[in-house]
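The stops below go one at a time.

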Amino acid sequence: MKYRPLPFVILGILHLVEPLLKLAYFKATTHFPIMSIIENITHLNAPRAVFEFWFLFPIGGLALLGVKKWSYPIFVSVQLYSIYRHLNYEPFTWPYATSTPQWPSLVLLACNIAIIIYFLLPEIRKPFFNKEDRWWEHRERYTIRIPCSYTLSSGNTLKDAEILNISHSGAFVTLPESENICQEKLIINITFLNDNICLGAKVISAHEFDSEKGFGIAFEYENIWEKLYMTKIMKMIARAAKKHHKQQLAA
């Protein structure tokens with residue numbers, strides 16, 4: 001399994017649990033029992049106060065763990081808004097306030113600034129805007145021969161074929177057809193062990209694999225259930241491919 005960059009995961013989780021960290025801090029720095037602290041917090045009336053306490057940082061955490069184009073502006077906006085609220089909080093309005101900020105607030109403010117600087121670095125920004133840099137989303141592709149059948153959308157004849165390699169997103173198939181089927185739609189019937197699935201697919205390329213001519217197809221899932229069932233089949237294919245690889249190494 002491929003994981004997201006560790007800094008993204010750590011920062012994302014810290015943002016998600018930030019309300020709980022605040023509760024723990026209140027408990028550690030006051031003599032009140034935890035239930036009294038929670039009860040007082042539940043009495044927050046202003047919508048902005050409720051949002052800032054419970055939702056601001058968790059939204060940033062979800063955005064960071066998502067690592068999409070929309071994630072970057074949302075995550076950075078959370079940090080900027082947090083800095084804005086800190087600088088407009090009364091203890092920060094020097095010289096009008098008589099007290100200076102407590103060190104936890106200064107630490108949090110410094111962390112917000114450091115996070116923004118970190119995510120301004122080009123190498124850190126890349127995965128948000130370039131899908132190819134999100135390596136953890138790339139599906140494993142397995143080289144394995146699987147008999148299958150298909151029907152072109154332009155016809156109704158069921159024909160035999162063979163899959164040479166496959167991933168969750170598509171496959172390379174030897175179709176006994178001419179190259180003019182590129183960009184064609186088809187229905188492909190895949191059976192592996194005791195499981196069978198019929199998927200819509202689109203022919204996207206014609207090339208060779210292991211010196212055999214064929215076509216690259218991209219699966220077109222109609223619903224989440226097809227994706228989940230294909231995930232189950234891919235797990236079985238992965239186990240079979242790894243077993244076959246070990247046998248080849250042992251031979």
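Predicted model: local features only at pLDDT ≥ 70, side-chain atom pairs only at ≥ 80, totals over all residues.

**Start at the loop**

Select D210. D210 sits in the loop between β5 and β6. Check its backbone: phi is near 55 degrees, a positive value in a residue other than glycine. Most residues other than glycine have a negative phi.

Is S211 buried or exposed? S211 is exposed, with a relative accessible area of 69%.

**The barrel**

Switch to cartoon and select the six strands. They form a closed barrel in the order β1-β2-β3-β6-β5-β4, with antiparallel pairing. From one strand to the next, the twist averages 45 degrees.

Zoom in on β2, residues 159–166, and β3, residues 170–174. The two run antiparallel and are joined by four bridges. Which residue of β3 is the bridge partner of E162? Select T174: T174 is that partner. Strands of a sheet pair through backbone hydrogen bonds.

**The helix across the strands**

Select residues 224–250, helix α8. Which strands does helix α8 lie across? They are β1 (142–152), β2, β4 (185–192), β5 (195–209) and β6 (212–220). Look along β5: helix α8 runs at about 70 degrees to that strand.

**Two cysteines**

Select C148 and colour by accessibility. C148 is buried, because its relative accessible area is 7%, and buried means under 20%. Next, select C198. C198 is partly exposed, with a relative accessible area of 42%. How many disulfides does the model have? The count comes to zero.

Go to A114 in helix α6, residues 103–120. A114 is partly exposed, at a relative accessible area of 43%. Draw a distance from A114 to Q79, C-alpha to C-alpha. The two are 35 residues apart in sequence and 9.7 Å apart in space.

**Aromatic rings**

Show the side chains of Phe, Tyr and Trp. The count comes to 13 aromatic pairs. Select Y25 and F26, one of those pairs: the ring centres are 6.2 Å apart and the planes meet at 55 degrees, so the pair is tilted. Y25 is partly exposed, with a relative accessible area of 30%. F26 is partly exposed as well, also at 30%.

Move to F119 and F128. Their rings form an edge-to-face pair, 6.1 Å centre to centre, with 65 degrees between the planes. Are F119 and F128 buried or exposed? Both F119 and F128 are buried.

Which residues make up the aromatic cluster? F8, Y72, F75, Y118, F119, F128 and F129 form one cluster.

**Last stop: a charge over a ring**

Select K22 and F53. The charged end of K22 sits over the ring of F53.

Key:
Residues numbered from 1 in each chain as written. Heavy atoms only, no water. Pairing = 2+ DSSP bridges. Axes fitted to C-alpha atoms, helices over the stretch in contact; angles between N-to-C directions. Contact = heavy atoms within 4.5 Å. Buried < 20%, exposed > 50% of the residue type's maximum accessible area, 1.4 Å probe, protein only. Disulfide = S-S within 2.5 Å. Phe/Tyr/Trp six-rings, centres within 6.5 Å; stacked < 30°, edge-to-face > 60°. Lys NZ or Arg CZ within 6 Å of the ring centre and 35° of its normal.
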